[in-house]
Amino acid sequence: MNVIDTINEYSNYIKKNPYVYSIQKNGIETFLTYIHTHYEKEELQTLPLDIIDKFLTYWVPKSKRYLTFTEAYHLVYTLQDIYYYVLKSQRNKKDIQAPAILDIYGEECMRIYKEREMLARLTQDPILRTNPTVIDIEAYRKKIKDKRKHAQLLNYEQGIFQITQIKDNGQVVIKKLLDQRCLKIVLEDPIYRYLKIGDLFHGKLRKKPFYVYWELDEIKSYYLPKAICYL
């Protein structure tokens with residue numbers, strides 16, 4: 001039985017407990033989408049840890065930008081259960097010691113989604129949540145109006161940036177991966193306290209003429225440091 005069939009079997013098994021399934025449904029469907037998209041032709045017979053690592057550190061933050069930090073935790077928890085089920089199915093043993101995926105990724109995945117949520121509020125992201133998508137129309141109109149008003153007065157930088165330095169007063173040094181240039185931004189407490197050196201984000205910055213510090217204009221995806229291997 002290949003990995004996709006085993007995950008479907010796990011899904012049918014967990015449906016017997018409606019409460020657990022309600023928590024894990026999104027994680028199961030998201031992981032299946034990932035496997036179908038990238039590995040269906042390979043017909044995986046095993047589930048290497050590097051596939052889970054890429055899923056949690058890169059694919060989920062890029063594809064599921066608006067998860068809450070609680071949903072992110074549930075997703076990691078679901079992945080640990082799936083991984084254990086796949087190992088057990090392959091080896092037909094009851095005493096398998098599965099890697100502690102929840103211990104490795106749980107808190108960190110919650111952290112980056114908490115950080116992304118705060119940065120989204122800072123940049124006045126009009127999308128409140130997805131599935132279904134809910135947009136703050138007034139915030140959207142204001143953001144468009146402000147962009148048009150200041151478009152000719154500001155300098156912009158966009159791309160993928162990495163956190164290289166964090167100071168206690170909220171000064172943050174970031175490096176643009178494309179050309180390795182270092183830029184400075186200032187973030188308020190508690191936003192900067194959730195940052196870690198090495199974190200990456202895909203976003204857009206703006207700066208007024210003659211100013212030293214840049215401001216966040218848009219935040220798309222926020223990644224753990226390990227995601228740099230996949231960017």
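Student: How many salt bridges does the structure hold?

Tutor: This is a predicted model, in which local features need pLDDT of at least 70 and side-chain atom pairs count only at pLDDT 80 or more, while totals for chains, interfaces and linings use all residues. Residues are numbered from 1 along each chain as its sequence is written, and side-chain values use heavy atoms, with hydrogens and water left out. A salt bridge is a side-chain nitrogen of Lys or Arg within 4 Å of a carboxyl oxygen of Asp or Glu. The number of salt bridges in the structure is 13.

Student: How many residues apart in sequence are the parts tied together by Glu 157 and Lys 176?

Tutor: The side chains of Glu 157 and Lys 176 meet in a salt bridge of 2.8 Å, N to O. Glu 157 is buried at 14%, and Lys 176 is buried at 9%. Because Glu 157 lies in strand β3 and Lys 176 in strand β4 (residues 171-176), the parts tied together are apart in sequence by 19 residues.

Student: Which residue stands opposite Lys 204 in β7?

Tutor: Two strands pair if DSSP finds at least two bridges between them. Strand β6 pairs in the antiparallel sense with strand β3 (residues 155-166) over 8 bridges, and 7 bridges join β6 to β7, also antiparallel. Of the 8 residues of β6 (residues 200-207), 6 are buried, so this strand is largely enclosed by the rest of the structure. In β7, the residue opposite Lys 204 is Glu 218.

Student: Over the face of which residue does Lys 204 lie?

Tutor: A charge sits over a ring if NZ of Lys or CZ of Arg is within 6 Å of the ring centre and within 35 degrees of the ring normal. Lys 207 lies over the face of Trp 214, at 5.3 Å from the ring centre. For Lys 204 the distance to the ring centre is 4.6 Å, and the ring is that of Tyr 156.

Student: What is the arrangement of the rings of Tyr 58 and Tyr 223?

Tutor: Rings of Phe, Tyr and Trp (its six-membered ring) pair if their centres lie within 6.5 Å; planes under 30 degrees apart count as stacked, over 60 as edge-to-face and the rest as tilted. By this rule there are 12 aromatic pairs; one of them, Tyr 34 with Tyr 39, is edge-to-face at 5.6 Å and 70°. The centres of Tyr 58 and Tyr 223 are 5.9 Å apart and their planes are at 20°, so the pair is stacked.

Conventions: Buried < 20%, exposed > 50% of the residue type's maximum accessible area, 1.4 Å probe, protein only. Helix = DSSP H or I, 4+ residues; strand = E, 2+ residues; numbered from the N terminus.
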